[in-house]
Amino acid sequence: CGRRPRGGAAGRAYDRPVPAERLPCPPPPPDRAPAAAPLADALARLLAGRAAAPSPVPGRRAAVLIVLYDRAGEAHLLLTKRTDTVPSHPGQVSLPGGVAEAGDAGLRDTALRETHEEVGIPPEALRVVGELDEVPTIASGFVIRPFVALLGAPLVPIPSDAEVARVLEVPVAALLRADAGLPERPTITTLRYPLLGEDVWGATARILRIFSRVARCALAGAR
C-alpha cells in the first residue's frame, strides 16, 4: 500500500527514515526456516509478552493477516497481487485483508473475514497467534493492524477474481534473508522486498519488516 514517490516537497518526504522498530537488531536469519507450526508457536510466545504499538497517526481502520503454512515441510506466507480494477492500491502486492466493517466484532475478525473473501481460507482453519504494531499508510489514510495466523490444513487458495490477480507463496526463509540484507534504518523508498519477481513496497513492506524482525528474534529464542 502507499503511493510511489514523486518529485518536489511531497516526494522528498519519502526519503525520511522509517521509524525504528521497537525490537533491537535481531540475530541473523537461519539458513532454513522451520515448519510453520514451530514458527507460529515461537511467535506466539514472543508476542504474548509484547503489546502491539498503536499507530502514531489516526486513520480509517483496517486489518491484514500474515498466514503461515507449510510447503515441503518449510514455513511459507501468503501475499496477493491486487487486480488493476480494485479501488484501493490497484496492482500492488499486499497481505490478505481490508477495511473494518460495522458487522466485524473487532479487527481480528476483519482480518479473518477479508482473508476468506480474498483467498478462500475459512476462519475456522486458522489459529491467530498474535498481532503486530499498527502501520499507517502514507497517502490513503488507513491504519492497518497486522495479525499472524497458522493455517492448520494444506493451502488451497481460491482467489477472488475481482480482487486478486496473483497469489504469491513466499518461503519465510527467503523473506528473512531479504530482510537481513536491508539497511538497519531504511527509508520508505529503500524499504523494498524483491519476492517472486514482484517489488514489494509501501505499507506491505513495512509490515513485513516488523514481522521479519519479530520472527528472527522468535527463532533465535527457540534454538
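Me: How do you know where Leu196 lies?

Reply: Leu196 lies in the loop between β9 and β10 (198-200). Those names come from DSSP runs, numbered from the N terminus: helices are H or I with at least four residues, and strands are E with at least two. This is a predicted model, where local features need pLDDT of at least 70, side-chain atom pairs count only at pLDDT 80 or more, and totals for chains, interfaces and linings use all residues. Residues are numbered from 1 along each chain as its sequence is written, and side-chain values use heavy atoms, leaving out hydrogens and water.

Me: Why is Leu196 called partly exposed?

Reply: Buried means under 20% relative accessible area, exposed means over 50%, and partly exposed is in between (1.4 Å probe, protein chains only). Leu196 has 41% relative accessibility, so it counts as partly exposed.

Me: What makes the phi of Leu196 worth a look?

Reply: Its phi is positive, about 50°, although Leu196 is not a glycine. Most residues other than glycine have a negative phi. Ala72, which is not a glycine either, has a positive phi near 55°.

Me: Is Ala72 buried or exposed, and how do you know?

Reply: Ala72 is exposed, because its relative accessible area is 79%. You will find Ala72 in the loop between β1 and β2.

Me: And why is Asp41 called partly exposed?

Reply: Asp41 has a relative accessibility of 33%, which is why it counts as partly exposed. Asp41 belongs to helix α2. In sequence, Asp41 and Ala218 are 177 residues apart, while their C-alpha atoms are 9.0 Å apart in space.

Me: What makes a group of residues a nonpolar core?

Reply: A nonpolar core is a set of buried Ala, Val, Leu, Ile, Met, Phe, Trp, Tyr and Cys residues joined through side-chain atoms within 4.5 Å. The largest one here has 44 residues, and Leu43, Ile66, Leu68, Leu77, Leu79, Tyr193 and Phe211 touch the most other members. The largest share of this core, 10 residues, comes from α5. Another core, of 15 residues, lies apart from it, with Val67, Leu107, Ala111 and Val119 among them.

Me: How do you know which residues Leu79 touches?

Reply: Contact means heavy atoms within 4.5 Å. Not counting residues up to four places away in sequence, Leu79 touches several residues, including Val93, Leu95, Val167, Leu168, Leu195 and Leu208.
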